[in-house]
Amino acid sequence: MPPRRHRPGLAWQTALATTAVAAVAVLLAGAVSFPLIRGAAESQARATLGRQAEILAGAPGLLSPANRRIDRIFTQQNIQVVVLTAAGRETGVAAGVLTEADRTALSADQPVSRVTRLGGNRVLVEGRALEAGGGVVLVQRESVVGGVAASGSRRILVALLIGLAGAAVAGVVLARRLARPLQRAAAAAHRLAVGERAVRLTPAGPAEVADVAEALNSLAGALQTSEGRQREFLLSVSHELRTPLTAVQGFAEALADGVTTADEVAPTAAVILAESGRLERLVTDLLDLARLGADDFRIDLDEVDLTEVLRAAGTVWAARCADEGVSFTLETPSAPLPVVTDPTRLRQIIDGLAENALRVTPAGSPIVLAARADGGDAVVEVCDGGPGLTEDDCRVAFERSALYDRYRGVRRVGTGVGLALVAGLVARLGGTALADRAAEGGARFTVRLRRTPLAPVTPAPAPPRAGIH
Ligand SMILES: Nc1ncnc2c1ncn2[C@@H]1O[C@H](COP(=O)(O)OP(=O)(O)OP(=O)(O)O)[C@@H](O)[C@H]1O
Ligand SMILES: [Mg+2]
């Protein structure tokens, strides 16, 4: 397992983020609600002061200097009483607070309600007219409002802090829930990395996190399949290598031990030569297949006449087919069919397909090798009268070992490398390969190459795709 870097975890970061968001919300709520609370407290204080002024105005007897109780009540509340007599004289500690506008309002039987400054302090002023003329005015320091607002704000602040704590706890719980399936996915990935393949996860959590679990499950499945294929492939390749090797070894030992008679030397050498040729072909195919994706894979482009390439191949395959009693037909256009391609690689492709066809086509059945122009493309076809391929076979035909695995023990097979190599080479030549059914009753393999100008050849082609392109 790679050393774990010390980065803050998702749970921690999510908890931090939710708490930060909640803190911002608390700050905003505070910033909005504190002025509102203060405004509400001020209008409440003014309304109360106004009501008290109304009571005094309605019962002027309460204002008599002999009524000390009233005086005490107002003093306790920090309220100063100013009386404006009908003659326009002001009495009281806060005398002088009234403006000309206040006097006019009171003499017109209008209430006075305002906030002003008195002796360096902000004060609330509420005045009501007396029936007998003049008025009574109550003056109260605004600091009373501050006290009420502060106690309201304190309560709001406590509520906000409780909300913040709740949000932080909820954030931690949520973050843990989010992080747990991801932690499980990471652990599963580490187990995959050390070679465990039976790892499967139950998708859980939000859709995206469940997707990660499903992706890991399919990755584990794909790894299992591909490693299984790899094992099968190695087994089949080593088997294929061992057969000619055993023959070469056996005959060489016979030669070395002097068991082989003089007459048998030449046929023995011929067998050794043929078997080592098979070995060489197999090793070359394997090397080509392994190097297909590498930058140094050689493609020598040249302008070639496809008709000519097919005629040359046709001569060889006509003879091979004749040996097996298979009827061979070559169909080429009468005019040259110029293509910019690598003729050696193209021949390798044709030979691979023809070899396959000949291996499965019974004596008396046909093999057709054809070339034709099709719009901007040049097309090569290898058709046979063999057992053919199913639709599903055609879809996977160019995947390494796919058909080989299906037909080993059922049909004659080679090593399962050929079609993957064909598809890889065709891709490197900028073309496409397709497998389907032939009119002759067997399989048809079609290679489509672009005629001049050739598309740029990509150094690393996509892996061979399914049969239908
Ligand atoms: N024309 C065909 N008709 C029917 N089956 C075919 C045909 N061509 C290929 N196949 C099937 O596909 C399998 C894979 O072919 P492929 O060329 O990849 O490998 P191979 O011929 O078995 O071995 P190699 O080409 O490496 O010698 C073959 O074993 C055969 O069963
Ligand atoms: Mg083959």
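Which helices do the buried residues of H4 pack against? They pack against helix H1 (10-58) and helix H5 (207-256). Helices here are DSSP runs of H or I with at least four residues, strands are runs of E with at least two, and both are numbered from the N terminus. The model is a predicted one, in which local features need pLDDT of at least 70 and side-chain atom pairs count only at pLDDT 80 or more, while totals for chains, interfaces and linings use all residues. Residues are numbered from 1 along each chain as its sequence is written, with chains lettered from A and ligands numbered from 1 in the order in which they are written.

The protein has 11 helices and 12 strands. Its radius of gyration is 50 Å, well over the 23 Å that the globule rule gives for 469 residues, so the protein is more spread out than a compact globule. That radius is taken over C-alpha atoms, and the rule is 2.2 Å times the number of residues to the power 0.38. Along the principal axes, the C-alpha atoms fill a box of roughly 155 × 55 × 35 Å. Of the 469 residues, 25% are buried; a residue is buried if 20 or more other C-beta atoms, placed from the backbone, lie within 10 Å of its own, exposed if 12 or fewer do, and partly exposed in between.

Helix H4 (residues 143-193) has 51 residues and spans 71 Å from its first C-alpha to its last, close to the expected 75 Å. The expected span is 1.5 Å times one less than the number of residues. Among the buried residues of H4 are Val-145, Gly-171 and Ala-188. A kink of about 25° lies at Ala-179, shortly before the proline Pro-181; the bend is the angle between axes fitted to the seven residues ending at a residue and the seven starting there. After H4 comes Gly-195, with a positive phi near 105°.

Leu-138 lies in strand E5 (residues 135-141). Leu-138 counts as buried because it has 28 C-beta neighbours inside 10 Å. Beyond its neighbours within four places in sequence, Leu-138 is in contact with Leu-49, Gln-52, Ala-53, Ile-79, Val-81 and Glu-126, contact being C-beta atoms, placed from the backbone, within 7 Å.

Ligand 1 is surrounded by 22 residues, the closest being Asn-356, Leu-403, Val-413, Gly-414 and Gly-418. A residue is near the ligand if its C-beta atom, placed from the backbone, lies within 6 Å of it. Helix H8 (343-360), helix H10 (402-407) and helix H11 (418-428) each give two or more residues to this shell.

Notes: Contact = placed C-beta atoms within 7 Å.
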